[in-house]
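Subject: Handover of a structure and the findings from it

Dear colleague,

Please find the structure below, handed over for your study.

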Amino acid sequence: MPHFRSLAVNVPVVLCANKSDLNKAVSTDQVVEEEMLPVMAEFKEIDSCIRTSAREHHNINEVFFLCQKAVTDPIAPLFDSKISALKPACVSALQRIFYLCDKDQDGYLSDEELRHFQSKCFGKPLSHLDLAAIKSALQNYSPELVTEKGISRPGFVQLNKLFAEKGRHETIWLVLRTFHYTDSLSLHSSFLSPKFDVPPNSSVELSPAGYRFFVDLFLTHDQDNDGGLSPSELSTLFAPTPGLPSQWLENGFPSCTVRNDAGYVTLQGWLAQWSMTTFTSHKTTLAYLAYLGFDSSLPSSSTLRPSTDALTITKPRKRPPRSSRRRAPPVCRTVLEAFVLGASHSGKSSLLSTFLSRPAAPSPTYSPSLQPYTAVNTVELPGGKQVTLLLSELGDHESSILANQSALDKCDILLYAYDSSDAESFSHIPLLREKYPHLDELPALFVALKADKDRVKQNCEVQPEEYTDQLGMQKPLH
C-alpha cells in the first residue's frame with residue numbers, strides 16, 4: 001500500500017484473505033478483527049475486505065462483486081470510515097433530495113412521500129413491512145428521527161448512513177444518480193444546462209407547465225398565506241439551489257417587481273420575475289428548474305419530461321422598417337421589453353417605481369441612476385390579454401447598449417421620457433436620435449413626465465408635439 005501511495009495511484013482497493021481453507025482454526029470474525037480492520041484503519045484506500053478459498057469455492061463470486069462495486073459504487077466519496085460519518089458533500093446532496101421529496105414542505109417525509117421516493121428511485125413499491133422496518137431502525141437509533149408526521153430530515157440522512165455502515169453504499173448511489181448526481185457528487189451539466197436551441201430573432205418564455213410549476217412553488221412556500229414570500233420563506237424555497245440568481249441580486253430583487261405592503265414579493269411579482277429571467281437568460285431558468293425539482297411526469301407514466309418542457313420558443317420577430325408603410329404584424333409574445341431613454345432628472349426612475357404600484361418617494365437631493373435597472377410587472381392589454389412588460393433604465397451603460405445592435409434586437413419599443421416642467425429636458429432626445437440614427441427603426445413612444453407640475457416651453461428648435469408630428473408618431477403622453 002505505501003508503494004501504491006508513492007505512485008499516486010488513487011483507486012479503490014479490496015483486501016482479500018485467500019486460502020482460508022488452510023487455517024480453519026481461526027474464525028472469519030477473528031481474521032477481520034485482528035488482521036483486516038487494523039490495515040483498513042491505516043489505509044483508507046481499502047474499500048472492503050473479504051476472506052476466500054478458491055479450493056472450496058468460498059466467496060469467489062462475492063470477491064468479484066466487491067471489486068465491481070468498489071469501482072461503480074465507491075464508498076470513499078460518501079463515507080468517512082475514520083469518524084464513521086457521511087461526508088459533507090454527501091450530506092448536502094441527501095438534504096437536497098429530502099427537500100425535493102418533501103412535497104408539502106412540512107420538514108418530514110410522510111408515508112406517501114416515502115412511497116413516491118421508493119418508486120422513483122428503485123422502481124418498486126414500498127411494502128408496509130419494509131416501511132415499518134425502516135422506522136423501527138431509525139427509532140432504535142433516536143426516537144426523534146421519526147414522528148407521526150414521518151421521517152425527519154436528520155432521520156433521512158441517518159437512514160443513508162446506516163446503509164453505508166452496512167456496506168450497502170450502492171443503495172445511496174442509486175438514490176444520488178436518480179437525482180442526477182455525478183460520481184463527484186455534483187449535478188450533471190447536461191441536467192443543469194440541457195440542449196435548447198433558440199432561433200435568431202426568437203425569444204424564450206415560460207410554457208403553461210412552467211407557470212404552473214412556479215405557481216405551485218410559491219403557494220407551497222407561502223406558509224403563512226399572506227400573499228407574499230418573506231425573506232425566511234425565500235430562503236427555504238431556494239435551499240436546494242446556490243441561492244438567488246445573480247441576475248436578481250444585481251437588479252435589486254425584490255424591489256424590481258411587485259411587492260405587498262410588507263415588502264414581500266407577491267405571486268404576480270414572482271411570476272413576472274421568472275418571466276423576465278426566462279426572457280433575458282433562459283439558461284438561468286433551466287438551471288433553477290433543475291435545482292428546484294421541476295417534475296412534469298406524465299399521467300399514468302413513470303416517464304419524466306425534461307426541464308425544457310417548462311419553456312417555449314416564440315415565433316421570430318419580424319420588424320418592418322419605419323420607412324415602410326406596412327403595418328407591423330401582431331405580436332404573439334407575452335413578454336415585452338421597453339428601453340426608457342431620456343435626460344438625467346427627467347423622472348425615469350420615478351416612472352419605474354409607479355409602474356410597480358409604488359409611489360415615487362420625494363428626495364431633497366437628486367441621485368442619478370448609474371447601473372442598469374429593470375422593473376417588471378404584468379399589464380392587461382385591450383381585449384384582456386395579459387403580458388409581462390420589462391421597463392429598463394440603462395444608466396451609465398446607455399451608450400454601449402444603444403450602440404449594440406444585438407441588445408437593441410431584444411427591445412420591443414423605446415420610451416422617450418422628458419420632464420415637461422424642465423425647459424432643458426426634451427432637447428436631449430433629438431440629440432440622442434441624431435447620435436444613434438438606427439433607433440429610428442424601432443417602435444417608439446414619447447412620454448412627458450411630471451405632469452403634476454406646470455408645463456413649460458421646451459428650449460428646443462422644435463416643441464415635442466411638433467417633433468412627433470414630423471415623425472408621424474403619436475403626440476407625447478402626459
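Helices (H or I, at least four residues) and strands (E, at least two) are DSSP runs, numbered from the N terminus. The model is a predicted one, in which local features need pLDDT of at least 70 and side-chain atom pairs count only at pLDDT 80 or more, while totals for chains, interfaces and linings use all residues. Residues are numbered from 1 along each chain as its sequence is written, and side-chain values use heavy atoms, with hydrogens and water left out.

Thr308 lies in the loop between helix 14 and strand 11. With a relative accessible area of 14%, Thr308 is buried; buried means under 20% relative accessible area, exposed means over 50%, and partly exposed is in between, using a 1.4 Å probe and protein chains only. Leaving aside residues up to four places away in sequence, Thr308 touches Pro194, Lys195, Phe196 and Leu286, where contact means heavy atoms within 4.5 Å.

Leu286 belongs to helix 14 and counts as buried at 2% relative accessibility. Its contacts, again not counting residues up to four places away in sequence, are Leu192, Pro194, Phe196, Ser307, Thr308 and Leu311. The C-alpha atom of Leu286 is separated by 49 Å from that of Val462, and the two residues are 176 residues apart along the chain.

Helix 14 as a whole covers residues 282-291 and is mostly covered, with 8 of its 10 residues buried. The buried residues are His282, Thr285, Leu286, Ala287, Tyr288, Leu289, Ala290 and Tyr291. Among the elements that cover them are helix 4 (88-101), helix 10 (208-221), helix 13 (267-280) and strand 11 (311-313). Gly293, which follows helix 14, has a positive phi near 80°.

Two contacts of helix 8

How do the axes of helix 5 and helix 8 cross? The axes of helix 5 (residues 111-122) and helix 8 (residues 169-178) come within 9 Å and cross at roughly 90°. Axes are lines fitted to C-alpha atoms, for helices over the stretch in contact, and angles run from 0 to 180 degrees between N-to-C directions. Helix 5 is therefore roughly perpendicular to helix 8; angles under 35 degrees count as roughly parallel, over 145 as roughly antiparallel, 65 to 115 as roughly perpendicular and the rest as oblique. Phe117, Lys120, Cys121 and Phe122 of helix 5 make the contact with Thr171, Leu174, Val175 and Thr178 of helix 8. By class, this contact has 5 nonpolar, 2 polar and 1 charged residues. Here Ala, Val, Leu, Ile, Met, Phe, Trp, Tyr, Cys and Pro count as nonpolar, Asp, Glu, Lys and Arg as charged, and the others, Gly among them, as polar.

Helix 7 (residues 153-165) also meets helix 8: their axes come within 7 Å and cross at roughly 135°. Helix 7 and helix 8 are therefore oblique to each other. Asn160, Phe163 and Ala164 of helix 7 meet His169, Thr171 and Ile172 of helix 8, and these residues divide into 3 nonpolar, 3 polar and no charged.

An open sheet

Strands of a sheet pair through backbone hydrogen bonds, either parallel or antiparallel. In this structure, 5 strands form an open sheet in the order 13-14-12-15-16, with mixed pairing; two strands pair if DSSP finds at least two bridges between them. Strand 13 (373-380) and strand 16 (444-449) stand at the edges with a single partner strand each, so one side of each has no neighbour in the sheet. On average, neighbouring strands are turned by 25° against each other, direction ignored.

Strand 14 is largely enclosed by the rest of the structure, because 7 of its 8 residues are buried. Strand 12 (residues 335-342) and strand 14 (residues 386-393) pair in the parallel sense over 6 bridges, and Leu336 stands opposite Leu389. Strand 13 and strand 14 run antiparallel and are joined by 8 bridges. Leu390 of strand 14 has Val376 opposite it, and Glu337 also stands opposite Leu390. The hairpin of strand 13 and strand 14 has 5 residues between the strands, and Gly383 there takes a positive phi near 100°.

Cysteines

How many disulfides does a search of the whole structure find? The search finds 0 disulfides, a disulfide being a pair of cysteine sulfur atoms within 2.5 Å. For Cys16, the nearest cysteine sulfur is that of Cys67, 7.8 Å away. Cys16 counts as partly exposed at 29% relative accessibility, and Cys67 counts as partly exposed at 36%.

Yours sincerely
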